[in-house]
Amino acid sequence: MAQSAEQTIRVGIAGTGSYLPERILTNDDLSKMVDTSDEWILSRTGMSERHIARDDEATSDMAAVAAQRALESAGVAAEDVDLVIVATCTPDMIFPNTACAVQEKIGATNAYCFDLSAACSGFLYGLETARGLIVSGIYSNVLVIGAEKMSCITDWEDRGTCVLFGDGAGAVLVQPLQGEGRGIISSAMGSDGTLGDLLKLPGGGSRFPASNATVNERLHYTKMGGNKVFKNAVVCMAEAGQKVLSQAGLEVSDVDWLIPHQANMRIIKAIADRAAFPMEKVCTNLERVGNISGASVPVALDEAVRDGRIKRGDTILSVVFGAGFTWGAMVLEW
Ligand code: UT7
């Protein structure tokens with residue numbers, strides 16, 4: 001479904017926050033765990049290091065810190081939050097949802113809370129959901145959080161995936177726009193369930209409930225057909241990006257910052273090349289944090305806002321792609 005956006009109620013991001021766990025895992029560390037090297041990881045992915053959560057640190061712990069930082073930057077009290085959406089594929093538990101755990105930690109006592117499952121696309125799906133609910137006029141303060149503890153679903157014996165992922169959380173507070181500016185201008189979300197087998201965590205759900213066999217077969221870890229995922233990621237993100245720009249009546253040259261999902265620097269460069277978009281205007285953090293799935297975009301956004309790259313009035317394009325397959329793009333004025 002696609003939407004262009006001259007809405008009666010304009011919707012924007014009032015505050016951002018993020019959190020990365022302290023522990024850092026470098027490419028050299030990984031080369032002691034599996035048959036890989038700093039040279040291979042850096043040249044094939046662009047990644048050098050990633051943050052890994054403590055054993056006692058769950059997704060909601062990271063999400064709550066990011067959420068508190070977003071509320072502080074927006075100047076909004078936790079009790080005024082109407083809704084908490086946590087986009088994650090690594091919830092604390094299957095139920096209750098992680099958003100309720102965040103609610104309890106931050107004191108968002110008047111909110112209702114749910115998790116959103118769209119893997120690496122979850123944050124933009126959440127932002128799109130928040131936009132729809134705010135445009136309805138019913139809700140005013142929506143926390144959208146992307147938070148992941150990918151290290152707990154990573155097979156540390158599989159060099160094809162374990163070098164890619166990291167942990168962390170990013171959050172935004174979404175509100176009806178008070179002042180100038182257009183906020184979210186246009187979006188385009190998509191899914192293709194026929195390709196679900198290419199990226200999945202098979203064990204522990206209703207298809208393959210947890211058992212000794214699922215553990216022995218390592219079904220509780222991420223499985224990925226890297227090459228095919230790579231190609232689809234490039235095409236889907238590039239096309240979705242073009243689509244939102246044309247819906248918004250904007251050209252590539254109108255975009256000040258591109259914030260793509262951070263899966264692989266070669267994917268990002270391929271998208272930028274297709275659009276003749278300069279890499280200097282792409283916000284990347286995968287060098288330092290790896291692929292944090294649903295947290296990738298909100299962490300990159302928060303970093304760019306806090307270090308002053310993104311300024312009021314800038315036009316931002318974000319594109320995402322993940323398991324499902326799911327993908328999406330959104331253009332907004334900061
Ligand atoms: O976030 C959701 C979306 N995720 C993505 O978009 C990820 C998309 N995929 C990718 O980023 C890439 O496919 C990978 C980084 C996962 C893999 O890169 P690739 O260039 O597609 O490598 P490949 O899978 O085709 O493997 C090439 C070779 C293989 O060896 P042979 O068969 O040619 O002898 C692999 O066994 O590289 C080998 N290899 C490694 N070698 C050293 C795979 N992983 C490693 C490794 N270290 N970590």
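This dialogue walks through a predicted model, feature by feature.

User: What should I know before reading this structure?

Analyst: This is a predicted model, in which local features need pLDDT of at least 70, side-chain atom pairs count only at pLDDT 80 or more, and totals for chains, interfaces and linings use all residues. Residues are numbered from 1 along each chain as its sequence is written, and side-chain values use heavy atoms, with hydrogens and water left out.

User: How are strands put together in a sheet, and what is the strand order in the open sheet here?

Analyst: Strands of a sheet pair through backbone hydrogen bonds, either parallel or antiparallel. Helices (H or I, at least four residues) and strands (E, at least two) are DSSP runs, numbered from the N terminus. Two strands pair if DSSP finds at least two bridges between them. Here an open sheet of five strands has the order β2-β8-β7-β5-β6, and its pairing is mixed. The edge strands are β2 (11-19) and β6, each pairing on one side only. From one strand to the next, the twist averages 20°. Axes behind such angles are lines fitted to C-alpha atoms, for helices over the stretch in contact, and angles run from 0 to 180 degrees between N-to-C directions.

User: Which strands does β5 pair with, and in what sense?

Analyst: β5 pairs with strand β6 (residues 112-116) in the parallel sense, over five bridges. Five bridges also join β5 to strand β7 (residues 142-149), again running parallel. Look at I85. It stands opposite F114 in β6. In β7, the bridge partner of I85 is V144.

User: Is β5 buried or exposed?

Analyst: Buried means under 20% relative accessible area, exposed over 50%, partly exposed in between (1.4 Å probe, protein chains only). Five of the five residues of β5 (residues 83-87) are buried, so the strand is largely enclosed by the rest of the structure. L83, I85 and A87 point one way, and V84 and V86 the other way.

User: What unit do β5, α4 and β6 make?

Analyst: A crossover is right-handed if, with the strands pointing away from the viewer, the path from the first strand over the helix to the second runs clockwise. β5, helix α4 (residues 98-106) and β6 make a right-handed β-α-β unit. Helix α4 lies across β5, β6 and β7, running at about 135° to β6.

User: How do I check the span of helix α5?

Analyst: An α-helix has 3.6 residues a turn, so residues three or four places apart point the same way. The expected span of a helix is 1.5 Å times one less than its number of residues. For the 14 residues of α5 (residues 122-135), that should be 20 Å, and the end C-alpha atoms are 20 Å apart, which agrees. In α5, 10 of the 14 residues are buried, so the helix is largely enclosed by the rest of the structure. Among them are F123, L127 and I134.

User: Which residues touch the most other members of the largest nonpolar core?

Analyst: A nonpolar core is a set of buried Ala, Val, Leu, Ile, Met, Phe, Trp, Tyr and Cys residues joined through side-chain atoms within 4.5 Å. The largest one here has 48 residues, and I267, L317, F321 and V331 touch the most other members. Helix α8 gives the most to this core, with 10 residues. A second, separate core of 31 residues includes Y125, M189, I259 and L332.

User: How does β9 pair with β14?

Analyst: β9 and β14 pair in the antiparallel sense over eight bridges. M189 has G328 in β14 as its bridge partner. Eight of the nine residues of β9 are buried.

User: Are A119 and A276 buried or exposed?

Analyst: A119 is buried, with a relative accessible area of 12%. A276 is exposed, at 67%. A119 lies in the loop between β6 and α5, and A276 in the loop between α9 and α10 (286-289).

Note on methods. Contact means heavy atoms within 4.5 Å.
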